Amino acid sequence: MLVVRAARPADHDAFVRLAAAAGPGFTSLAVSPEALREKLNKSEAAFDGTVSDPSDACYQLMLEDSETGEVHGTAAVKGAVGIKKPYFDFKIFTFAQASKEADRRFDMDAMLLVNDFAGATEVGSLFVGDGLRGAGAGRLVAQARYMLMAADRSRFGERVLAELRGVVDENGHSPFFEHVTRPFFRMTFDEADRLSAATDNQFILDLMPAHLIYVDLLPEPAKAVIGHTHPQGVNAKRLLEWEGFEYDRYIDIFDGGPLVSCRTDKLRTIRESRTATVQGKVSGASVQALVSNDRVAGFRCVFTEVELSGDRVALSEEARRALDIAEGEAVRIRVRE
């Protein structure tokens, strides 16, 4: 059975392997093995509740085969972004241009560096190995993040956002970065990617312009990828839109990929989930459901068949073991369509 669980320091080797498989442009994983180890240590503290400031909390999740113990994927939830470390994006504005004398009326788009999401929760770092793509594993990992947030809403912001990977080729070449960002940074995409992941982003404030960048002045290769998702991120984008995320013309400053956001309480998985008490047997209908143990410390989540009757639910022995749940304890469920 596939289970999404809280990451632990012992996952380091698997984490390094997943980061390497993710490839160029996956900013949050484009860091050294030592930095990945630090992520796991900080995640353990966040799950244990020893991190008091939400802006310091980052919850790393792992997708594991409960039978073999092999890790096949990962994802993360950052409690609050843009507070201690600015969360920079480009916001695209439209300006109306008009001249009576020239008999002209048209709109022009321009981008401005902003930090508009201070205090919001970010979901990201979603990556699943090739062998499980298209088998529902990505959806399980994605929805598990929201089940985690529902377990203790006080740890997370009133708004949640996600940055989708932009257009980057297999060699790490980003048309948007080459024509927009690189002239200001004077460094390669990989260098900027690693610096962003490993620092407080002061270099962005130091080097990026504070004025508008007009889109019409950009070369066509850069314009063509603004707000577009990497081919490997198309399914992730669909899942986010299904949850209720919307694109409001915010894009990543490195690859031009879209940023989407939603009110946390409007997320479909959270809205349609509820708690139930585990019983040995119930006389109810058998349904497929997303089920979590509804606790942050030791968080676990699976897709499984359950028997549901009111606020009581019966789980298979395999599902109970995967969730580390006993009879009489509460779980959170969301019935699958």
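1. Start with one facing pair. Leu-290 stands opposite Phe-303 in strand 13. The strands here are strand 12 (residues 285–292) and strand 13, antiparallel and joined by 8 bridges. Strands are DSSP runs of E, at least two residues long, numbered from the N terminus. Two strands pair if DSSP finds at least two bridges between them.

2. A word on the source. This is a predicted model, where local features need pLDDT of at least 70, side-chain atom pairs count only at pLDDT 80 or more, and totals for chains, interfaces and linings use all residues. Residues are numbered from 1 along each chain as its sequence is written, and side-chain values use heavy atoms, with hydrogens and water left out.

3. Is strand 13 mostly covered or uncovered? Strand 13 (residues 300–309) is mostly covered, with 7 of its 10 residues buried. Buried means under 20% relative accessible area, with a 1.4 Å probe and protein chains only.

4. Strand 13 also pairs with strand 1 (residues 2–6), antiparallel, over 2 bridges. There, Arg-5 has Arg-300 as its bridge partner.

5. Now follow the chain into strand 14. Strands 13 and 14 form a hairpin with 2 residues between them. Gly-310, in the turn, has a positive phi of about 60°. The two strands run antiparallel and share 3 bridges. Leu-308 faces Val-313 of strand 14.

6. Strand 14 (residues 312–314) pairs with strand 11 in the parallel sense, over 2 bridges. Thr-277 stands opposite Arg-312.

7. Strand 11 (residues 274–278) also pairs with strand 15 (residues 330–335), antiparallel, over 4 bridges. Here Thr-275 sits opposite Arg-332.

Terms used. Buried < 20%, exposed > 50% of the residue type's maximum accessible area, 1.4 Å probe, protein only.
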